[in-house]
Every structure is written in structure tokens, then in C-alpha cells.
Amino acid sequence: MTAVFKHELSNYFHSMTAYIFGAFLLAFVGIGAMIYNIQQAVANFEYVLSFVSLVFVVIIPVLTMRVIAEERKQKTDQLLYSLPITTTHVVVGKYLALLVIYLIPLCIIAVYPLIFAQYGDVYLMTSYGSIGAFFVMGAALIAVGMFLSSLTENQGFAAGIAIAVLILNYYSVSLSEHISSTAFGSAVTLCVLSCLLGVLVRYLTKNEHLAYGTAVVLIAATVITYFADSTLFEGLLPDIMKKLSLFERFDTFVSGVFDLTAIIYYLSVIIFFLFLSVQSLEKRRYN
Amino acid sequence: MNMITVEHLTKRYGDFTAVDDLSFEIEEGHVYGFLGPNGAGKSTTMNIMTGCLSATEGHVTIDGYDIFDEPDKAKRLMGYLPEQPPLYLNETPMEYLKFVGEAKGLRGRELADQIEAVISQTRLETVKNRLISKLSKGYKQRVGIAQALLGNPKVIILDEPTVGLDPIQIIEIRDLIRQLGKEHTVILSSHILSEVQTICEKVLIIAKGKLVAFDEPEKLERLLMASDAVSFIAEAEDEEIDEILEGMDAVSDWRMKKLEDGSIYTDVQIEFGEVSDICRHLFFAFARKGKALLQLTSKKANLEDVFIELTEGDKKEDETEVADQ
């Protein structure tokens, strides 16, 4: 794992990726700090972070697009498979390297509230609480990006899909207000989602029976529940969309609440997507 | 003890069977050749043996360790060069080998020593600090081999190590492989017969995922000697040659071809008897007629013939199977 970690880290600094990522993050935090903290003279640094989180939609995919896709393209994944290290070690090593790349600009950013504190009253607790949450949220987004990079050997495709997914996630709360909240609408959408999940399972496992099985069981469950108690489905879809939003949960921290459930949510997202990345790599061993 | 045991290995992709119930054993300290036409399942078998690919059925054990149950221990005993050398192009050979060495569990002094050893073994000294993307194909291949040698594995598996190299590079790589064979068990795949014939002590021929032959190259050649043939060039008329051959019981069939200088080239199929007896008989028969024999050779089958015979034989069987259906 340390070998993969060190190798990956040096790789990022060999190429431009780490520098571009850091530069963009710092530039936007700088712009945000100028607008909110300097021009508008607001003492809350967390507003800046909330402003910057939209930038993640673009810079996280740029950071993560090559992490596994490139190995496939160069056929170096064969080397990783033949070395005496497990796929989990490979994925975790790569992920930790990404976290370090992300942590470096964040360490610089962490100095800003102290600087502002020299010139006025800054509530450092919320500032640093938000920076901590900002780190964990970014870490969750990186895990998502990493998984998407493991699905393809085309970096551009990986980045495109990741941007689309993150944008959708970013706006999912605003979108949820325009989505049918009737029980029937929710049930139909759940059925469609079940089919999509089946397609994804088929793609990942190449096992048709499992794919059809998953879709049919989920649809059956939806239909049965719908006829048993249709009130359960009322407003379900907008609820799910709100719950799934990674960005929405960060706003709680911005308003000064250190929300542990959100942290746990982010950590579960990280573990879940790292697990999926491992599975996606393992799957290549089977075909 | 066997270094590698492959038992009933099968790999299916949907309806397509890439490797079909393959079983063989490999002993320590020889150079083995894995021979087969493209798409025969060579790479698939090697990928399974090195743990890069799962098998549908069957077992592979390396020095007693099952590659599926104890991949960590089994992989430490192997160095693998896939068909396309898995190189990070934006690194130098030094950086690359450092990473592979660390991943194989080498640290500090030991790592530095081993890297130095494999670099000198594969003669990479002059390019070790250049970017891999800037190296020639021959050097890239050597970096790939150097990577496989790190950790001093007992078994080295090379998938088509000489493909795409120029003749000089091929000779260099072959020499290197021969050297490696002195200390390691080496398995290399190839579809070039002469290569296998020159480097390998034992040859496995596979076609359509099945093992069709496993023996020393010389013995495989001898396999075909039974149905042997003799050819000669004689300064004689067609009728005279027919007359001589018709008088010989051991000869079943022959074909004649007139050459530009008026002499006749004849291929003779032998039904039974020693090749030397036939040659002796022919020599005296022509001598008695006062006709000159310009050439008289017993056709020695080379590996090429064995290969075609074995793999084509398989095809014919298949065709009859299809016809039966």
C-alpha cells in the first residue's frame, strides 16, 4: 500500500494535475475570501467555503479522472494484478495519495481564518469546523470520482461522467422541488431506477440473471409496498434526492452546526465508493 | 518437486472457451516454451497463472501455493512480463523499478542492490535515468523484463518477449532469456517456432485452449519421423524414375517436378522400413542405370511441421464434428 501511495503521489507531482487542482482551489478560495471577508467585511470564513464548493464539480473530476482509467489505458493494471498486493491496497493507496493532494491546498487555506482574526472577531470554531467538514465532503467527492474513473479506460469520459454526476448532486435539492411528489410518480420513478440499477449490475458483473433478479425483486417490492400502503410513497422522491445530496449537508456546517450525522454520512459514502472501486477492479479479473 | 502445477484449468467467456481443461506440470530450472497460434489461449493461461485473471475452473499451484487461495505468497515467487510491457511512460526506469521493488516488499539497501543487479543484468545502465516513453522498443522490453526479475522470483513468465523487436534486439533478448534459464524457471510464450526451438528445453503446444503436445523439441520432431519422406533430384527421365520406384515395395506414393536444368525433383512417401535403407536402395538403383543423383535427403520434420500437424489435425477433427452434426 505504501508503495502504491508513494508512487501515486510522485506521479501527481510529475504531471500538472496536482498543481492545477491546488491552484484552482486556492484561486477560488481567494476570490471568495475577497468578496465575502474583505469587500463585504463579513467575519464568517465558512461562507467562502460554501461559495467554493461549486468549484468542486469541475476540479474533483479533473483530479480523479486518470487515477484508475489511465492504468487501464496503459495496461499497467496488469502489473498491479500480478504484484503481491491486493486490489484493496491499490485502491486505498491511490485514494490516500489523492487525499494528500487535496490536503495540501487546504492546509494553506486553514491559515486564512487566523489572518482574518488579526483584524476583527472571527468565530474560529465554526471556521475550523467548516474547514474540517469541507475536507470530509471533498474526500467523499474524490471517492465518487475515483469509482467513476475505474469504470472506463477513457479519462475524458471518466471526467465527463463525474462532472455530470456531481452537477446533478449539487442541484439535486433545487431539482427535488420540481419533481412529482405524488405516491404514483414516486413509485414509477422507483421502478425506473430499479431497471437502471439492473443495467448497472449487468455492466459490473456481466451476470444477466443477477441483473434481472435485482431489477425484478426491487420492482416487485415497490409494487407490493405501493398497493399495501401508497401513502409511504408520498413525497418520497424529493426526500431521497435531498438526502443523497452531498453538498446540501455541508450547509449545516456553514450555519454553525457541527453535524455528526453528516460526517458519518460522508464517511459511509467514502467507504461505499472505495468498496465499489475495489469491486470494479476485481471485476476485470473475471473477464 | 514440481514448480508449477496446472490442473484442469478452464476459462470461459460466455459461450467462448479460451482455455479448455488444461493440465500440465512444470519442473524447476528449465526454460519452457509455450507455443500456439494467435488466439490459442497462451496469454489467457499465463494471465491466470500469474493471478491477473480468474479461472472458471481448475487450480494453479506455484511451489505448493495456490494462486487463488494464497495469491500473496504465490505471486512473490513469480515475475511476469505481460504481452504489452506494463510501463509508466512518464517515469524513468529507475523510478519505475523502485515502485515495483517496493510493491514486491523490498526496502532500503536490499531494494537498491536488487535494482542495481537487474539493471546490469538487462543492460539498462545507459538509459536508467531517461524517460521510459523516450526509449526504443527493445529497451522498453528490457525494462519490462527487469521488472519481472525484481525480488529474485523462482519463476519468470514472459509473454511473447520478442514480438515487435528488430533482429539484433531479438538475439539480445534470447541470450538474456537463456542466461535467466540457468538460475530461474522460465516460461515464455511465442508463436515463432524457431525461437522456441533455439531457447527452450521443453515445449508445450496449445491450440484452441487445449494442450496438444508437451515434450522436448527434438522428441517432438521425432514424433513425425514415423510417417517419413525422402526427396531426391536426379538427372533421369520420368519413366526411369517411375520404373525404379515401382520396383520398391516400401514406397507408397511419389510426386515429380521438372526443374529448370532438366533434372527431376521427386518427393517420395515411405510406407514402411528404415529411411537409410530406402536411401541406400535408391542410390544403387540410379547408379546401376548410370544416372546421377544430384541430391538425396531424408526429410527431417522440423517443429514447424509438428506444429502444423498437431494444430491442423485438431481442425480436421473439428470439421468432421461439424459435419456429423
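1. Let's start with the A–B contact. Chain A puts 18 residues into it and chain B puts in 23, where contact means that two C-beta atoms, placed from the backbone, lie within 7 Å. On the chain A side, the elements giving two or more residues are α1 (2-14) and α6 (77-82) of chain A. The chain A side that touches chain B splits into eight nonpolar, eight polar and two charged residues.

2. A word on ground rules. This is a predicted model, in which local features need pLDDT of at least 70 and side-chain atom pairs count only at pLDDT 80 or more, while totals for chains, interfaces and linings use all residues. Residues are numbered from 1 along each chain as its sequence is written, and chains are lettered from A and ligands numbered from 1 in the order in which they are written.

3. Chain A overall: 16 helices and zero strands. Along the principal axes, the C-alpha trace of chain A spans about 65 × 55 × 30 Å. Buried residues make up 36% of the 287 in chain A. Buried means 20 or more other C-beta atoms within 10 Å of a residue's own, exposed means 12 or fewer, and partly exposed is in between, with C-beta atoms placed from the backbone. Of the contacts in chain A with a separation of 6 or more, 80% come from residues 24 or more positions apart.

4. Now the domains, whose bounds come from an automatic or database domain assignment. Chain A has domain 1 (2-174 + 245-284) and domain 2 (182-234), with 31 Å between their centres, taken over C-alpha atoms. Chain B is assigned domain 1 (2-221) and domain 2 (229-298), and there the centres are 48 Å apart, again over C-alpha atoms.

5. Have a look at α3(B). Nine of its 11 residues are buried, so the helix is mostly covered. Among the buried ones are B:Tyr96, B:Leu97, B:Phe99 and B:Val100, and also B:Lys98 and B:Glu102. What sits over them? The cover on the buried residues of α3(B) includes α1 of chain A, together with α4 and α5 of chain B. After α3(B) comes B:Gly105, with a positive phi near 90°.

6. Setting aside neighbours within four places in sequence, B:Lys104 is in contact with A:Leu83 and A:Pro84 from chain A, and with B:Arg76, B:Leu150 and B:Gly151 from chain B. B:Val251, by comparison, is 147 residues from B:Lys104 in sequence and 62 Å from it in space, C-alpha to C-alpha.

7. Next, α4(B). Residues 108-121 make a helix of 14 residues that reaches 20 Å from first C-alpha to last, close to the 20 Å expected at 1.5 Å a residue; the expected span is 1.5 Å times one less than the number of residues. Which residues of α4(B) are buried? They are B:Ile115, B:Val118 and B:Ile119. Seen down the helix axis, the buried residues of α4(B) fall within an arc of 105°, so they line one face; the arc is that of the directions from the helix axis to the C-beta atoms. The face turned away carries the exposed B:Arg109, B:Glu110, B:Asp113 and B:Ser120. Cover for the buried side of α4(B) includes α3 (93-103) and α5 (137-149) of chain B. Just after the helix, B:Arg123 takes a positive phi of about 50°.

8. B:His8 is exposed, with 12 other C-beta atoms within 10 Å. B:Asp21, in strand β2 (residues 16-27), also has a positive phi, near 50°, and is partly exposed, with 14 other C-beta atoms within 10 Å.

Notes
Helix = DSSP H or I, 4+ residues; strand = E, 2+ residues; numbered from the N terminus. Nonpolar A, V, L, I, M, F, W, Y, C, P; charged D, E, K, R; others polar.
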